[in-house]
Amino acid sequence: MKKTFKLIDLDCANCAAKMEDAIKKLDGVTNATVSFMTQKMTIEADDAKFDEIVKQAVKVCKKVEPDCEIVLK
Amino acid sequence: MSRKQKKTLRRIIIAAIVFAIGIAMGIFYPESDGVMSPLFYVRTFLLIAAYLIAGFDVLLKAVRNILHGQVFDENFLMTIASIGAIIIGEYSEGAAVMIFYQVGELFQSVAVGKSRKSISDMMDINPESANVERNGEITETDPSEVQVGETVVIKPGERIPLDGVVIFGSGSLNTAALTGESTLRDVTEGDEVISGCVNTDGLLKIRVTKPYSDSTVSKILELVENSSTNKAKTENFITRFARVYTPIVVIGAVLLAVIPTVFIGLTSGEWQWSDWVYRALTFLVVSCPCALVISVPLSYFGGIGGASRHGIMIKGANYLEQLAKAKMFVFDKTGTLTKGSFSVTEKHPEGISENELLSLCAAAEQISNHPIAASVVKTAKAANANNEIPKAENAREIAGFGVEAEVDGKKIHAGNARLMKQIGLDITEYEAAGTVVYCAVNGVYRGYILVSDEIKEQSRSAISALKALGAEKTVMLTGDRKITAEKVAETIGLDEVKSQLLPDGKVKALEEIYEAKPPKSTLAYIGDGMNDAPSLARADVGIAMGALGSDAAIEAADIVLMNDNIENLPLSVRIARKTRRIVTENIVFALGVKAAVLVLAALGIGNMWLAVFADVGVAVLAIINAMRCMRITQQ
């Protein structure tokens, strides 16, 4: 499954790259991109564990950039 | 400015005022600087207060990131540099560096935000709402909630929210948002309309034929939004580079602080830390790779945004990068270089007028369903003022030969050379690019007309523009007969033709062309998305033309030219090249300035102020430069 999330207050391009790296390392994630330009995050991961992975992704992103908010719809 | 940015601005202003008072004290009461006096403590207090007001969040972030195991980030570097400055007694320097760093960061954040917004606005074709007619009442809803089969009302000036068919009214649609060309298309009841166009006049009611998620607008938006996920190689390189750059500079800083001091200390016996530590701290300030990490993707984003304004949709920065390197261009013929519709292109009468020849042929051909016959009839009708052609009697089609009919009492034969031979006429066969229709009246040969696929007016200029841009080879692939293909290629100015290809032969031909490709260059394939998806996929860059409303082409291609104008191809190449140039400029500029400052700092010439400029100043300049990618016009 592939899903895109909006990011609010992502203001550093370096952080975006770090977030991307961290999410890619999560178990079950096939691909992830954090776009500083469009302020969006795309996660591609196993269907079964998807919700769990998204939760973890939010956690790692908070670690990198606590000011950045991820809109979960 | 966002709320967060405004808050930062307020903080910077307060810090700057406190800082200014501290500096002023140093000027009016020189004794407060350096001498241990009450005034010295007041001044020091003011400067440290300014420092903390400006930079407490940086300090906090640095501590937090270290706890998370992320050591080398910009916050950490700024913290070490400024605290270091304070420890060696440079209070004003420490505070100033922090204030300037924050000003730069704020400026950078505003600039990036602005650029991002102006690019996104340009690409924004999203209809905000749809006026749906339900039970005789018009309600405004979200386009995604409208069902297929419902009726949507579009007032003049509004954007069509979903694909559909006009069921009431008529008007003119402006397709500028989709194709980049401001052309008006008249629509009336029964016509299909696509979302994203703007209704310029007249009230329209449409019956929705596709849900929002399948409508043209969302297909395009999806394409644009996903474009930033396909990163260019340069972009990935910069990210990797950033990861090693910072640690290297930090190690350099440590060495710079320790080695000379120890060396001088051991040789002369005097241990002078502050000078070399100051130089090392300056190192730290420039060690952030921000300018690169921001400006490279922003340049690509700008290029993609600028292209979209011309109706060129690029699916990712990587394709922009590939296109910039393209030296070979392979074209599909029909629909790409030619219009894909047949018409009469030449008339060679013998003993009768051109119009007479055309109308006689058309009159006879009326009964035939053959596409060639249909195009003869169409051309003849268009050539005639009252849109009419003579009636034919006793008409019959001779399969594989042509037609025979009586027009105004004259016996007409129209068809191929074999037909002429069959009725006993000895004619010289004419070799031409297209289908030749010979005509005989009452058994006397009266000339021929040539029906062929018309070449697009812009094809020739587009090819020469490509050559001017350094295209080494332009090739056309077609299933047409050799003679037709060669004639077309010659007219347009192509270097090579591969004709008589079966549909599956195109990819094979493409493979052969690949072998002659110059090293380090790429090959672009340009097709109309019909039957050539494999070729679009095989090429380094697949470009689909005239894709408005064709989902298959949008899927298969890497770059989509929304309108039918092939001149957008050289334009795309120019955008790709300009973007590449700006990316290179930014990389060279940012690294160059940083390297220069590192050298100056190591020699003790540069100070921390210079370093702050090298860090944030360069980032801002690079962002401004990146925005140039957006602006490019058709020559």
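Student: How many residues does the contact take from chain B, and how many from chain A?
Tutor: Residues are in contact if their C-beta atoms, placed from the backbone, lie within 7 Å. The model is predicted: local features need pLDDT of at least 70, side-chain atom pairs count only at pLDDT 80 or more, and totals for chains, interfaces and linings use all residues. Residues are numbered from 1 along each chain as its sequence is written, while chains are lettered from A and ligands numbered from 1 in the order in which they are written. The contact takes 16 residues from chain B and 13 residues from chain A.

Student: Which element gives the most to the side of chain B that touches chain A?
Tutor: Helices (H or I, at least four residues) and strands (E, at least two) are DSSP runs, numbered from the N terminus. Those giving two or more residues to this side are α4 (91–122), α7 (233–268) and α9 (290–309) of chain B. With six residues, the top contributor is α9(B).

Student: How does that side of chain B divide by class?
Tutor: Ala, Val, Leu, Ile, Met, Phe, Trp, Tyr, Cys and Pro count as nonpolar, Asp, Glu, Lys and Arg as charged, and the others, Gly among them, as polar. By that scheme, the side of chain B that touches chain A has eight nonpolar, five polar and three charged residues.

Student: What radius of gyration does chain B have?
Tutor: The radius is taken over C-alpha atoms, and the globule rule is 2.2 Å times the number of residues to the power 0.38. The C-alpha trace of chain B spans about 125 × 65 × 40 Å along its principal axes. A compact globule of 635 residues would be near 26 Å, but chain B has 35 Å.

Student: How far apart are the centres of domain 1 and domain 3 of chain B?
Tutor: Domain bounds come from an automatic or database domain assignment. It gives domain 1 (147–210), domain 2 (319–338 + 456–575) and domain 3 (340–455) in chain B. Over C-alpha atoms, the centres of domains 1 and 3 of chain B are separated by 40 Å.

Student: Which two residues touch the most other members of the largest nonpolar core?
Tutor: A nonpolar core is a set of buried Ala, Val, Leu, Ile, Met, Phe, Trp, Tyr and Cys residues joined through C-beta atoms within 7 Å. A residue is buried if 20 or more other C-beta atoms lie within 10 Å of its own, exposed if 12 or fewer, and partly exposed in between; C-beta atoms are placed from the backbone. Of the 177 core residues, the two are Ala50(B) and Ile543(B).

Student: Which helix gives the largest share of this core?
Tutor: Domain 1 and domain 2 of chain B both give residues to this core, so it lies between them. The largest share is 13 residues, and its source is α20 (residues 568–603) of chain B.

Student: Is Pro570(B) buried or exposed?
Tutor: Pro570(B) is found in helix α20 of chain B. Leaving aside neighbours within four places in sequence, Pro570(B) is in contact with Ala462(B), Ala465(B), Leu466(B) and Leu469(B). Because Pro570(B) has 23 C-beta neighbours inside 10 Å, it counts as buried.

Student: Is Thr188(B) buried or exposed?
Tutor: Thr188(B) sits in the loop between β6 (184–187) and β7 (192–193) of chain B. Beyond four places in sequence, Thr188(B) is in contact with Val166(B) and Ser170(B). With 12 other C-beta atoms within 10 Å, Thr188(B) is exposed.

Student: How many of the 13 residues of α8(B) are buried?
Tutor: Among the buried residues of α8(B) are Trp276(B), Arg279(B) and Phe283(B). The helix is mostly covered, and its buried count is 10.

Terms used
Contact = placed C-beta atoms within 7 Å.
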